[in-house]
Amino acid sequence: MNGVRGCAVARIEKKASRKKSEALYRVGRAQTGLGLFAAQDIPERKLIVEYIGKRIPTRLAQEIDRRRANKYLFEIDSRWTIDGASRLNLARYVNHSCDPNAEAESNRGRLMYRAIKPIAAGSEITLDYGEEHMELYFGAAGCLCPPCADMAKTLLAKKAGKKPARRSAKAAR
Ligand SMILES: [Zn+2]
C-alpha cells in the first residue's frame, strides 16, 4: 500500500470510529448468552444493522442446515444465503423472540434489520427467526425467548396449582 492510500485508510478508520460512538446498538449480556441492545432510542421503521457475511448458494446452505452445522445462515432467496457466522457480523447477536421488535428485509442481495416498533435505549433487539430455524436449532428445548419463558412459567405454576409469580422486571417498573 502506498503512502497516499494509507492516509485515506486512516481517515476512513477515524470516521468509522467516530460513527461507532454514535452507534445504534451494542453487544451485551442477554438472558441466553449475548444479545444486541439499543444504545439509543430507535424509532419505528429505522434500519438498525446489516446482516453481513459471505454469500453462499442457498442449495449449499440447505445441506449445511441438514447437518445443523451453522446456525448463522440467513436465506435471502432461493439462490443466495448469507453465512453470518463471522464475529464481525454484529447482527448475529440478535436473539430470537416470538414477540420481536425488528424484522429482516432484503434489498438487492443485502439483508438489513429494521425496527418494527419503537425500541427504547437499553432494550434488547429481537427478531422472529421463523419456525424452520427454531425446529432445527432449538429442538426439544423449545423456544427460550422471554415471552415463551413467561408462558412456560405460567403453565408450570398452573400445573402446580399455584398462582404465577409476577415477573420481577414488571414489579420493578
Ligand atoms: Zn418464543
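Hi everyone, two bits of housekeeping. Residues are numbered from 1 along each chain, following the sequence as written. The model is predicted, so local features need a pLDDT of at least 70 and side-chain atom pairs count only at pLDDT 80 or more, while totals for chains, interfaces and linings use all residues.

Let's begin with the overall picture. The protein chain has five helices and 10 strands; these are DSSP runs numbered from the N terminus, with helices being H or I of at least four residues and strands being E of at least two. Of its 173 residues, 20% count as buried. Buried here means 20 or more other C-beta atoms within 10 Å of a residue's own, exposed means 12 or fewer, and partly exposed is in between, with C-beta atoms placed from the backbone. Now contacts, which for us are residue pairs whose C-beta atoms, placed from the backbone, lie within 7 Å. Among contacts between residues at least 6 apart in sequence, 61% join residues at least 24 apart.

On to the strands. Two strands pair if DSSP finds at least two bridges between them. Strand 1 (residues 25-30) and strand 2 (residues 33-38) pair in the antiparallel sense over six bridges, and they form a hairpin with two residues between them.

Gly 53 sits in the loop between strand 3 and strand 4. Is Gly 53 buried or exposed? It is buried, because 20 other C-beta atoms lie within 10 Å. Leaving out residues up to four places away in sequence, Gly 53 touches Ile 82, Asp 83, Gly 84, Ala 85, Ser 86 and Asn 89.

Next, the largest nonpolar core. By that I mean a set of buried Ala, Val, Leu, Ile, Met, Phe, Trp, Tyr and Cys residues joined through C-beta atoms within 7 Å. Of its 23 residues, those touching the most other members are Tyr 25, Ile 48, Val 94, Ala 102, Tyr 113 and Ile 125. Strand 2, strand 3 (47-50), strand 5 and strand 9 (110-115) each give two or more residues to this core. Tyr 113 has contacts beyond four places in sequence that include Ile 48, Val 94 and Ala 102.

Last stop, Cys 143, in the loop between helix 3 (131-137) and helix 4 (146-159). Cys 143 is partly exposed, because 16 other C-beta atoms lie within 10 Å. Beyond four places in sequence, Cys 143 touches His 96, Cys 98, Met 134, Phe 138 and Cys 148. Ser 97 is 46 residues away from Cys 143 in sequence, yet 8.3 Å away in space, C-alpha to C-alpha. Just after helix 4, Gly 161 takes a positive phi of about 75°.

Key: Contact = placed C-beta atoms within 7 Å.
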